[in-house]
Amino acid sequence: MGFSGGLKLLLVSCLAGWFVSCSDPGASVPCPRPDGNFAWKHAVETANIIPRYSGSPGAEKAAARIASVAKSLPGFRVSVDLFRDMTPEGEKTFRNVIAELPGTTEEFLVIGAHYDTKKLASVPRFAGANDSGSGVGALLSMMKAVAEVKHPLPLTLKFVFFDGEEALIEYSEHDGFHGSRRCVAELKRQKQLRNCRAMILLDMVGDRDLCLKLPADTDLFLQTLVVKAAQDLGYAAHVGTGGPVMLDDHTAFVKAGVPAVDLIDFSYGPENLYWHTEADTIDKISAESLGISAAIALKTIWKLMKLEH
């Protein structure tokens, strides 16, 4: 991910009216709580696959591991979208892992995180515990939590683990965000994009000193829901607004007109010292932070689906 000075999209959201009308006003389903220790376990196991930059054997191994864990959770339909895309180093193979929990309608939410790491010549053993292991762990813990819900959900939940988020040189049409751009393109090709009601991204969500600063391009209705979700859970101190506009895996969705929010803590260590360095290791993240991030995201989803009153 990176900063963007040019992308200044603030969507005029129709989410509020849509979600009020789409759900059963009589339904009330308590929001489950993701297990931070489960998230931690899978963040660590992902971080232990070194290296896992896109196109490497490690990336293939990480994708296979994510798919295996997802398939072990009841109710999910799991697939791997294998594709090739041009990069500054020529064509590479990428893999998006997609785990769907079917709802009662064709409408769906995308909940995303990337699993690839930055390719750093200076740090051949780059672990990427927070960037990207934390997002993987958080999503899997959310999936485990919703898999245990017995009530049918009004929306399908598409959990997408993106490959190719990191740029080799600099973000451009053929460098970085390969997985998220592919996901949007496939939804368009399948004529499903119109049914995507929102996109929630989790990236760098495991910092022991957790402060999720919502970027300035966040859909305003989603921002309100995230802040309220954090307040309801007692985690208001861990969420802020008015962050910089971020280029990240939510960007392709924003450009396609999908309301999106990027849950990200882009202040990792003193003056962001740990980001993209050998210091991004498992001792810098915590089960508590992962549990908080996953809980806020899942509570936001519950508010979108109007399952709590």
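Predicted model: local features only at pLDDT ≥ 70, side-chain atom pairs only at ≥ 80, totals over all residues.
Me: What makes α4 a largely enclosed helix?
Reply: A residue is buried when its relative accessible area is under 20%. Of the 19 residues of α4, 18 are buried, so the rest of the structure largely encloses this helix.

Me: How do you know how many disulfides the structure has?
Reply: A disulfide needs two cysteine sulfur atoms within 2.5 Å. The search of the whole structure finds zero.

Me: Why is the pairing of Glu100 with Arg77 called a salt bridge?
Reply: The cut-off is 4 Å between a side-chain nitrogen of Lys or Arg and a carboxyl oxygen of Asp or Glu. For Glu100 and Arg77 the N to O distance is 3.0 Å, so the pair qualifies. Glu100 belongs to strand β3 (residues 90-101) and Arg77 to strand β2 (residues 77-87), so the bridge ties together parts that are 23 residues apart in sequence. The structure holds 16 salt bridges.

Me: Are the two partners, Glu100 and Arg77, buried or exposed?
Reply: Glu100 has a relative accessibility of 16% and counts as buried. Arg77, at 52%, counts as exposed, because the limit for that class is over 50%.

Me: What makes Asp81 and Arg182 a link between separate parts of the chain?
Reply: The closest N and O atoms of Asp81 and Arg182 are 2.8 Å apart, and the two form a salt bridge. Asp81 lies in strand β2 and Arg182 in helix α5 (residues 178-189), so parts that are 101 residues apart in sequence are tied together. Asp81 is buried at 15%, whereas Arg182 is partly exposed at 25%.

Me: How do you know that Glu186 and Arg182 are separated by about one helical turn?
Reply: Glu186 and Arg182 are four residues apart in helix α5, so about one helical turn separates them. An α-helix has 3.6 residues a turn, so residues three or four places apart point the same way. Glu186 forms a salt bridge with Arg182, with the closest N and O atoms 4.0 Å apart. Glu186 counts as buried at 16% relative accessibility. Through shared partners, salt bridges join Asp81, Arg182, Glu186 and Arg189 into one network.

Me: Which bond is cis, and where is Pro51 found?
Reply: The peptide bond between Ile50 and Pro51 is cis, with omega about -15 degrees. Pro51 is found in the loop between α2 (36-47) and α3 (57-71).

Me: Which residues touch the most other members of the largest nonpolar core?
Reply: They are Leu157, Phe159, Phe161, Leu202, Ile301 and Trp302, in a core of 74 residues. Beyond its neighbours within four places in sequence, Trp302 is in contact with residues including Val29, Cys31, Val146 and Leu307. Another core lies apart, with 17 residues, among them Phe108, Val160, Leu193 and Met199.

Me: How confident is the predictor, and where does pLDDT stay under 50?
Reply: The chain averages a pLDDT of 93, and 92% of the residues score at least 70. Over residues 5-14 pLDDT stays under 50, and there the model has 17 contacts beyond four places in sequence.

Key: Residues numbered from 1 in each chain as written. Heavy atoms only, no water. Buried < 20%, exposed > 50% of the residue type's maximum accessible area, 1.4 Å probe, protein only. Helix = DSSP H or I, 4+ residues; strand = E, 2+ residues; numbered from the N terminus. Core = buried A, V, L, I, M, F, W, Y, C linked by side-chain atoms within 4.5 Å. Contact = heavy atoms within 4.5 Å. pLDDT = per-residue confidence, 0-100.
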